[in-house]
Amino acid sequence: MKLARSKSPAFLAAFAAIFLAVASLFALPDYTLTGTGVRVRTVGVAKIEVYRISHYMDQLPQTRSRQAVIDMDTGKKFVWTMLRDVDRASIVKALRDAYAMNDYTDTAKIGRFVAAFEGDLKAGSEVTIEYDARAKTTTVTVPGGGTATVGGLDFMKATWRIWFGKIDQPQLGDELIAKLP
């Protein structure tokens with residue numbers, strides 16, 4: 001037995017409206033690139049390029065400052081592209097040290113976040129750190145399946161301070177907002 005399908009304009013319009021309403025709940029933010037830079041590690045006099053990092057925001061801040069980017073409660077993300085192989089222990093230590101440098105001490109949240117780094121990162125791999133303003137969560141996605149989601153506006157701000165707050169390479173924060181108006 002065949003079921004008859006309604007093709008009336010009213011049915012199609014209602015279906016389209018419901019589909020768009022549901023789809024908007026799951027829509028990804030329309031990000032704008034705010035800047036790109038390269039994280040460099042200095043060993044003696046040698047400068048070693050570790051990863052290229054780009055920063056994106058759903059909405060842009062009223063003022064062009066690193067602090068405005070940290071404080072803004074909007075969808076935003078970092079994307080690292082590894083320029084060299086880096087072992088897991090070095091990555092985890094660098095992140096823990098960066099949180100400490102910026103006076104963030106919630107060890108449980110930091111532990112959940114760095115647990116996503118399950119192995120070494122290879123040159124060419126990509127790490128994404130994304131803040132969802134609706135859910136108030138920061139999610140890190142690491143090549144090889146590692147992922148972690150940590151709740152709280154406090155954790156997002158602490159994470160964004162790693163690149164926009166106290167950092168041993170302050171020009172990197174400036175490069176990450178260079179495209180802001």
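This is a predicted model: local features need pLDDT of at least 70, side-chain atom pairs count only at pLDDT 80 or more; totals for chains, interfaces and linings use all residues.
1. Residues are numbered from 1 along each chain as its sequence is written, and side-chain values use heavy atoms, with hydrogens and water left out.

2. Here's the overall layout. The protein chain has six helices and six strands, and reading along the sequence gives α-β-β-α-β-α-α-β-β-β-α-α. Of its 181 residues, 38% count as buried (buried means under 20% relative accessible area, exposed over 50%, partly exposed in between, with a 1.4 Å probe and protein chains only). Take the contacts (heavy atoms within 4.5 Å) between residues at least 6 apart in sequence: 64% of them join residues at least 24 apart.

3. Now have a look at the largest pocket, with a volume of about 700 Å³. On a 1 Å grid over the protein atoms alone, a pocket is an open set of points where a 1.4 Å probe fits, with protein on both sides within 12 Å along at least five of seven lines; lining residues have an atom within 4 Å of a point. The volume is the space filled by probe spheres set on the points, which are joined across faces, edges and corners. There are 25 lining residues, and Arg 39, Arg 41, Ser 90, Ala 94 and Leu 95 are the closest to the centre.

4. Which elements each supply at least two residues of that lining? They are strands S1 (32–43), S2 (46–57) and S3 (76–82), plus helices H3 (88–101) and H5 (153–164). H3 gives the most, with eight residues. By class, the lining has 15 nonpolar, two polar and eight charged residues (Ala, Val, Leu, Ile, Met, Phe, Trp, Tyr, Cys and Pro count as nonpolar, Asp, Glu, Lys and Arg as charged, and the others, Gly among them, as polar).

5. Leaving out residues up to four places away in sequence, Ile 162 touches Leu 95, Ala 98, Tyr 99, Asn 102 and Ile 167. Ile 162 and Ala 94 are 68 residues apart in sequence, yet 9.9 Å apart in space, C-alpha to C-alpha.

6. With residues up to four places away in sequence not counted, the contacts of Trp 163 include Tyr 51, Phe 78, Trp 80 and Leu 176.

7. In helix H4 (residues 107–114), Lys 109, Ile 110, Phe 113 and Val 114 are buried. Seen down the axis, the buried residues fall within an arc of 125 degrees (taken from the directions from the helix axis to the C-beta atoms), so they line one face of H4. They pack against H3, S4 (126–132), S5 (137–142), S6 (146–151) and H5.

8. Two loop residues deserve a check. Most residues other than glycine have a negative phi. Asp 103, in the loop between H3 and H4, has a positive phi near 60 degrees and is exposed, at 58% relative accessibility. Lys 136, in the loop between S4 and S5, has a positive phi of about 60 degrees and is partly exposed, at 33%.

Methods:
Helices (H or I, at least four residues) and strands (E, at least two) are DSSP runs, numbered from the N terminus.
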